[in-house]
Amino acid sequence: MSDIRQWLTDLGLERYGDIFEREELTPANLPELSDDDLKALGLPLGPRKTILKAINALRTGDTIAPSHSSDSDIPKRLTEKNLASKSALEGERRQLTVLFCDIVGSTELANRVDPEILEKILRAYEDACAACITRYEGYVFRRMGDGIVAFFGYPLAHEGEAERAIHAGLEIIAALSKLDVPDVGHLAVRIGIASGLVVVSSAEKGDEGEPLNLASRLQAIAQPGSIVVSEWVSRLARGSFDYEDMGEQALKGYAQPTRAYRIVGVSKATSRFEAATQERLTPLVGREQELGLLLDRWALAQDGEGQVVLLSGEPGIGKSRILIALRDRLDAQGVRALRFQCSPYYMNSPFWPSIDNFERALKFSRDEAPESKLDKLEALIVTHYGRPLTDVRFIASMLSIPCEERYGAHTMTPQKHKDETLRSLVDLAEAAARKQPSIMLYEDVHWADPTSLEALDLLIDRVRSFPLLIVLTHRIEFQSRWGVHGHVTGLNLSKLMRGQSSTMISKLSGSKALPAELVEEILTKSDGVPLFVEELTKSILESNQLKEAADRYEYVGTAHSITVPATLRDSLMARLDRYMPVKEIAQIGAAIGREFSYELVAAGSAPMCVC
Ligand SMILES: Nc1ncnc2c1ncn2[C@@H]1O[C@H](COP(=O)(O)OP(=O)(O)O)[C@@H](O)[C@H]1O
Ligand SMILES: [Mg+2]
């Protein structure tokens with residue numbers, strides 16, 4: 001049962017589960033749901049009231065302990081499911097990212113305002129923090145004075161926990177800067193974020209150790225309105241943000257100086273892949289056939305028969321890497337590819353990949369005036385692509401640019417407005433392709449919002465008659481609805497062959513060979529998934545287990561076996577958390593070895609229902 005369905009079931013409203021799932025609502029959306037949203041979903045008054053009350057409880061006392069004590073209350077927000085998973089996690093070692101947020105000048109604030117007003121201010125601050133943290137599926141763990149401690153990676157893990165924590169921190173800062181307190185002005189906070197390995201049972205007892213202490217110390221050195229992260233966090237979320245290296249910092253309670261980084265802002269890289277690999281890219285190994293097929297479809301598209309390729313595969317198998325290779329080939333031919341990137345954080349924001357694409361293409365700055373943005377849009381849509389001025393208004397309102405002053409108020413129903421926006425987008429793509437044969441790279445469609453999927457429905461249906469190649473990437477679990485068309489080709493990426501994986505290893509280790517048994521271990525553990533080959537090899541090269549000799553690497557001391565690198569822990573844990581019963585097997589398996597019999601696992605585990 002999905003989390004949202006479970007939540008509704010707990011309220012006795014399971015009959016609305018289908019509606020919530022159809023709209024792809026998740027528990028993270030709950031704090032933002034309004035009565036109007038629930039009306040739009042068609043819910044009658046009674047269930048609306050029940051749901052709003054439960055949401056309110058989530059937003060307030062149940063999410064953050066209302067008392068000012070620093071006791072480690074576990075928020076009641078944990079659903080029964082989470083509690084069940086929590087008990088299953090007891091004693092488990094996992095990677096935890098901790099966000100520590102504190103108000104600047106709270107003592108002074110307490111002296112200046114009445115206790116009642118102070119209570120209201122603190123409540124508003126907590127609500128804002130809780131909403132931002134839950135949006136990125138973090139867990140508000142407890143309060144420490146006016147500080148709020150949130151966990152990312154517990155009780156449920158997701159991919160990219162460090163990235164989620166930083167996004168949440170940036171949104172907390174933005175939300176509080178909008179919160180105007182009479183006689184006080186804006187509230188400012190300092191935020192520290194650190195990651196580390198913890199044993200879960202001790203985290204419950206308030207002994208989260210390293211990451212919590214470090215996050216709190218990093219918070220203390222942050223400037224008001226800023227985030228400081230540990231070196232580990234900066235590496236986990238590498239490429240997604242711009243950082244300022246603050247150098248080695250002497251932190252209270254730490255014998256050695258600790259490197260710290262200030263978050264400057266979100267990186268401008270156009271895709272998650274580019275964000276993660278900005279520094280260096282492993283030279284492409286294999287994939288000649290896949291590239292050949294893509295270039296073949298490109299040739300067809302150029303002749304006016306638009307084509308769609310659905311490139312699927314598990315995470316880390318190399319979908320994005322192939323798109324980079326394709327883009328490089330096309331760059332050499334002078335063809336520029338348009339890139340769209342879906343995001344797990346914006347699965348419920350209509351048109352998000354298109355909005356992101358326009359904002360990057362037109363280089364909108366944060367404080368750019370609406371007039372200037374509209375000028376740029378008109379230049380692109382009307383002057384460059386010859387589309388009518390009426391289409392600009394739909395795209396402008398999609399981009400939330402105020403435009404009534406220039407184009408007058410619009411009087412359409414919301415449905416008609418949405419249909420016209422979809423039409424304008426598809427017309428624009430067609431105009432661009434007719435002007436010059438084009439390529440559209442649409443990444444990670446499993447995270448696309450429902451409206452963007454509708455835009456793709458329309459585009460994929462129409463593309464067969466104009467020179468456009470659309471390449472979509474997605475994970476295997478995504479059920480594509482476009483496979484029935486003749487101009488759509490599915491391409492599932494297989495694992496690398498052993499020889500290809502070992503070529504990758506030698507490219508990564510440069511001209512010097514790794515010890516043969518280490519190469520063997522990487523090959524076995526990575527099982528043909530290039531991401532694992534890369535991360536395992538890098539983590540070994542970066543560890544101090546090896547030293548460089550003239551033409552090869554040698555062990556320092558005795559040989560060790562390979563451990564899971566930090567950069568893979570979140571995604572492995574996320575996969576395991578999603579499949580709770582499997583996780584138990586994996587944990588037993590981790591103790592036994594790579595291959596194990598059913599009988600052995602059954603002997604080592606509690607009885608389990610296989611259904
Ligand atoms: N064929 C390949 N040759 C070399 N490196 C590869 C290859 N395929 C993937 N990689 C590397 O493996 C990592 C994961 O690949 P990526 O394209 O991000 O996977 P996906 O998009 O399927 O999740 C990247 O760092 C990428 O550079
Ligand atoms: Mg990718």
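**Close-up views of a predicted protein model**

**View 1. Helix α23 and its buried residues.** In α23, the buried residues are Pro530, Phe532, Val533, Glu534, Glu535, Leu536, Thr537 and Ile540. A residue is called buried if 20 or more other C-beta atoms lie within 10 Å of its own, exposed if 12 or fewer, and partly exposed in between, with C-beta atoms placed from the backbone. Helices (H or I, at least four residues) and strands (E, at least two) are DSSP runs, numbered from the N terminus. Helix α23 contains 13 residues and reaches 18 Å from its first C-alpha to its last, close to the 18 Å expected at 1.5 Å a residue; the expected span is 1.5 Å times one less than the number of residues. The structure is a predicted model, in which local features need pLDDT of at least 70 and side-chain atom pairs count only at pLDDT 80 or more, while totals for chains, interfaces and linings use all residues. Residues are numbered from 1 along each chain as its sequence is written, and chains are lettered from A and ligands numbered from 1 in the order in which they are written.

**View 2. The largest nonpolar core.** This core has 55 residues, and Val98, Leu99, Ala150, Ile172 and Ile193 have the most contacts inside it. Helix α7 (residues 115-135) gives the most to the core, with nine residues. A nonpolar core is a set of buried Ala, Val, Leu, Ile, Met, Phe, Trp, Tyr and Cys residues joined through C-beta atoms within 7 Å. Another core, of 33 residues, lies apart from it and includes Leu422, Leu459, Leu469 and Ile470.

**View 3. Tyrosine 139 in strand β2.** Tyrosine 139 lies in β2 (residues 139-144) and counts as buried because it has 20 C-beta neighbours inside 10 Å. Not counting residues up to four places away in sequence, tyrosine 139 touches Ala150, Phe151, Tyr154 and Pro155; two residues are in contact if their C-beta atoms, placed from the backbone, lie within 7 Å. Tyrosine 139 and alanine 150 are eleven residues apart in sequence, and their C-alpha atoms are 5.4 Å apart in space.

View 4. Trp352, Pro353, Ser354 and Phe358 are buried in α15 (residues 352-361). The buried residues of this helix pack against β11 (337-341), α19 (414-435) and α20 (450-462). Lysine 363 is in the loop between α15 and α16 (370-384). Its phi is near 50°, a positive value in a residue other than glycine. Lysine 363 is exposed, as 9 other C-beta atoms lie within 10 Å.
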